[in-house]
Amino acid sequence: MGSLFRSEEMALCQLFLQSEAAYACVSELGELGLVQFRDLNPDVNAFQRKFVNEVRRCDEMERKLRYLEKEIKKDGIPMLDTGESPEAPQPREMIDLEATFEKLENELREVNQNAEALKRNFLELTELKHILRKTQVFFDEQEGGLNHTTESMTRALITDEVRATGASMGPVQLGFVAGVISREKLPAFERMLWRACRGNVFLRQAMIESPLEDPTNGDQVYKSVFIIFFQGDQLKTRVKKICEGFRATLYPCPEAPADRREMAMGVMTRIEDLNTVLGQTQDHRHRVLVAAAKNLKNWFVKVRKIKAIYHTLNLFNLDVTQKCLIAECWVPLLDIETIQLALRRGTERSGSSVPPILNRMQTFENPPTYNRTNKFTKAFQALIDAYGVASYREMNPAPYTIITFPFLFAVMFGDIGHGAIMALFGLWMIRKEKGLAAQKTDNEIWNIFFGGRYIIFLMGVFSMYTGLIYNDIFSKSLNIFGSHWHVSYNKSTVWNNKMLQLSPATSDYEGTPYPFGMDPIWQVATSNKIVFQNAYKMKISIIFGVLHMIFGVVMSWHNHTYFRNRLSLIYEFIPQLVFLLLLFFYMVLLMFIKWNRYAATNKMPYSESCAPSILITFIDMVLFNTPKTPAQGCEVYMFWGQHFIQVVFVLVALGCIPVMLLGKPIKIMQARKLANVQPITGADAEVGGMSNGVGGGGHGGAGHHDEEEMSEIFIHQGIHTIEYVLGSVSHTASYLRLWALSLAHAQLAEVLWTMVLSIGLNKEGWYGGVFVTVVFAFWAILTVGILVLMEGLSAFLHTLRLHWVEFQSKFYLGQGYAFQPFSFDSIIENGGSASGDAE
């Protein structure tokens, strides 16, 4: 349980491995995930390390697997995922894996090339088929007696030279070319023909209705058939160049009808043969991919494990004999025996006779921070680490956040109905977590929700509890125990008076409070309901805030005592706690005294009308003002000796400020003068350590820090003191967000009920049922979208701020760095290289 409240104790160890056993031992450590290796070759280029060739081979295998994966996804073939993680293959198995992947890649590339060639032939034959069909219509028009069209076309295509010489026109032979062009290029193609050929060509075109498949990328392309008539070789050359520029495909088209029919029959026969061959090719490709899909996930895991092992081995050093590998690593102190057992297993697997050696080293380096978590505490630890990773062995706020975070959220979000929606959503994710975790998705929003499923569930449960305290369910109340008010309102009074209020001074109130939470009768108090809730929620927000901050200061005591920072304990913790207790905790006590002594039914001087304002009392206390004389029959103070106690409290609290400001710097200065050595050592070194961070990270105590100038120490302490004193005021006021958001949430729920759902409930008759169904659906959408999602997110962010700033600033530095062990699970989960994890 100790590691739950502080990070694990870490040890820097030196590991000696025989070369033949190194691979198997590192594999066992990767399965264990408890060792963070250090790079002992920081100045060696990545391409000059010992196992760089093995890493390159793994990169090449990964490339081939990614190619197979892309082809499998292209065909929509499901990949088998058993969820199991196979062991890392032995080095000799790499050859078999490489041969398997090489064979699959070559076979698949050959199949793809053949299929692409067949599809290209199929496309050409299909386009030729459409050309023969479409151009047949053009020629049929000529043979069908439409000679006047041909004659007009012929006259239009006579060259300028013939007109200029005035030579007699004999029979004119027109040439033509036919082809296929992309439909989107056709308008520009037609304009270019007209301009380049000066109108001396005749273009006919027809669209191909069905799209054609591009054999290169598989896209569907819409094309059109065209035929261009012209006269002379010069125009023919020009037309072909234009077709080439627009990527139009030209096909031979016979002039004789019989030749066209014969060619069309041949084309249809070849298309049928190509369809048969294409089908067989696709079946063969599908069989290859289905066989590969069954093993692809396991292959990826094996290759990534091999690559991770060699990445890690590249961090090791070779001894002078070239037969032993030396590594340095951070390990949790409690897991050293487990790590040694894993090393023995690796040695036995490799068949080596020399056992590995794990030596613990002494160091003054700052160890990494390792907080052991499970699936429940992981999300709460992530909230803390998002602010900053704890310094080594610093108090960990995560265990306390498990309770305080959902509770403070619920204070702002208190509603039984809304909390139930949130709790059910979180419970559904918890019950289905195995299936949902197996469904990997790139949706970041869903990943955030799923990762915080336990936080969402607890926030919902706590919100249901505070909803019971507020007696609020979708802006309505539950009458569980029966109201302790007996209001003599009749129906006409309720309907004819828009403003109703409750007065505890009358006989309507029994004098005993509702057993749990707020009395449901406050729903009818339209006049003073919000006034009553305002005072109630505002005071409890201050109470919770002051207690939360005091708890944060007490947490700093655990840091000071653990790191033996005696001067920080005396000159920081004690004055900070005294300052907070004598001012702000005293204000909380005044609230309880006021609630206990003043009531509407009391007589003077403790009646409700005589109750002094807590805020005014606190301001007068700090400014040493004498309270104004209250109404006749009322007393100035709540209890005897209040003025004297308040003066003493303020004087002592003000006296704590110079202690916080000057105590540590003066003691450091005195210690330096007495010792007359640099750097300072002993207990005073601990003080210097605390000026830079939570006392050191090594195994030797407070750590070693460079000596600071005294001016810098005074400046740092001054900033720290000013921040704490002013922060105590601003942080106390910051907790009023609990009151503000709670009130806003309740008012929004009431607005939705009044302006949406109540309209549907007021309708009568058969159409009222239909209308209320529609209105209820609209109300439900707004409730979930605005009050649960948007308001929930707002309350979550405000709660996060209260923990990061108001609570953790009292004791938490967060200046450490995370423990990143060499772990196959994290490498496979990230789906990437092991370099980041290993280094």
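The following legends accompany close-up views of a predicted model of one protein chain.

**Figure 1. Overview of the predicted chain and its confidence.** The protein chain contains 839 residues, of which 45% are buried. Its secondary structure amounts to 28 helices and 11 strands. Of the contacts between residues at least 6 apart in sequence, 82% connect residues at least 24 apart. The mean pLDDT of the chain is 86, and 89% of the residues reach 70 or more. In residues 678-706 the pLDDT falls below 50, and this stretch has 61 contacts in the model beyond near neighbours in sequence. The pLDDT is also below 50 over residues 833-839, a stretch with 17 contacts beyond near neighbours in sequence.

Figure 2. The largest nonpolar core comprises 70 residues. Ile455, Met459, Phe579, Leu583, Phe584 and Phe796 are the residues with the most contacts inside this core. Helix 20, residues 566-597, supplies the largest share of the core, with 11 residues.

**Figure 3. Surroundings of Phe579.** Phe579 is among the residues with the most contacts inside the largest nonpolar core. When residues up to four places away in sequence are not counted, Phe579 touches Phe584, Ala653, Cys656, Ile657, Tyr724, Val725 and Ser728.

**Figure 4. Packing of helix 14 against helix 16.** Helix 14 spans residues 416-431 and helix 16 spans residues 444-451. Their axes come within 10 Å and cross at roughly 90°. Helix 14 is therefore roughly perpendicular to helix 16. Helix 14 contributes Phe425, Trp428 and Met429 to the contact, and helix 16 contributes Trp446, Phe449 and Phe450. By residue class, the contact consists of 6 nonpolar residues, with no polar and no charged ones.

**Figure 5. Packing of helix 19 against helix 24.** Helix 19 (residues 529-562) packs with helix 24 (residues 710-734) at an angle of about 145°, and the two axes are 10 Å apart. On the side of helix 19, the contact involves Ile542, Val546, Met549 and Val553. These residues meet Tyr724, Ser728, His731 and Thr732 of helix 24. The contact comprises 5 nonpolar and 3 polar residues, and no charged residue takes part.

**Figure 6. Two loop residues with positive phi.** Most residues other than glycine have a negative phi. Arg247 has a positive phi, near 55°, and is located in the loop between helix 8 (233-245) and strand 8 (249-251). Arg247 has a relative accessible area of 69% and is therefore exposed, the cut-off being over 50%. Asn471 likewise has a positive phi, near 55°. This asparagine, Asn471, lies in the loop between helix 17 (453-470) and helix 18 (491-496). Because its relative accessibility is 6%, under the 20% limit, Asn471 counts as buried.

**Figure 7. Leu128 in helix 4.** Leu128 belongs to helix 4, which covers residues 93-143. With 10% relative accessibility, Leu128 counts as buried. Leu128 and Cys253 are 125 residues apart along the chain, and their C-alpha atoms are separated by 8.6 Å. Apart from residues up to four places away in sequence, Leu128 touches Tyr251, Pro252, Met263 and Val267.

**Figure 8. Ala749 in helix 25.** Helix 25, residues 737-761, contains Ala749. This alanine, Ala749, is buried, with a relative accessible area of 3%. A distance of 9.2 Å separates the C-alpha atoms of Ala749 and Asp415, which are 334 residues apart along the chain. Beyond its neighbours within four places in sequence, Ala749 is in contact with His418, Ser475 and Leu787.

**Figure 9. Phe649 in helix 22.** Phe649 is part of helix 22, residues 642-675. At a relative accessible area of 23%, Phe649 is partly exposed. The C-alpha atoms of Phe649 and Val578 are separated by 9.3 Å, although the two residues are 71 residues apart along the chain. Not counting residues up to four places away in sequence, Phe649 touches Leu582, Tyr586 and Met621.

Notes:
Residues are numbered from 1 along each chain as its sequence is written. This is a predicted model: local features need pLDDT of at least 70, side-chain atom pairs count only at pLDDT 80 or more; totals for chains, interfaces and linings use all residues. Side-chain values use heavy atoms; hydrogens and water are left out. A nonpolar core is a set of buried Ala, Val, Leu, Ile, Met, Phe, Trp, Tyr and Cys residues joined through side-chain atoms within 4.5 Å. Buried means under 20% relative accessible area, exposed over 50%, partly exposed in between (1.4 Å probe, protein chains only). Helices (H or I, at least four residues) and strands (E, at least two) are DSSP runs, numbered from the N terminus. Contact means heavy atoms within 4.5 Å. pLDDT is the predictor's confidence in each residue, from 0 to 100. Axes are lines fitted to C-alpha atoms, for helices over the stretch in contact, and angles run from 0 to 180 degrees between N-to-C directions. Angles under 35 degrees count as roughly parallel, over 145 as roughly antiparallel, 65 to 115 as roughly perpendicular and the rest as oblique. Ala, Val, Leu, Ile, Met, Phe, Trp, Tyr, Cys and Pro count as nonpolar, Asp, Glu, Lys and Arg as charged, and the others, Gly among them, as polar.
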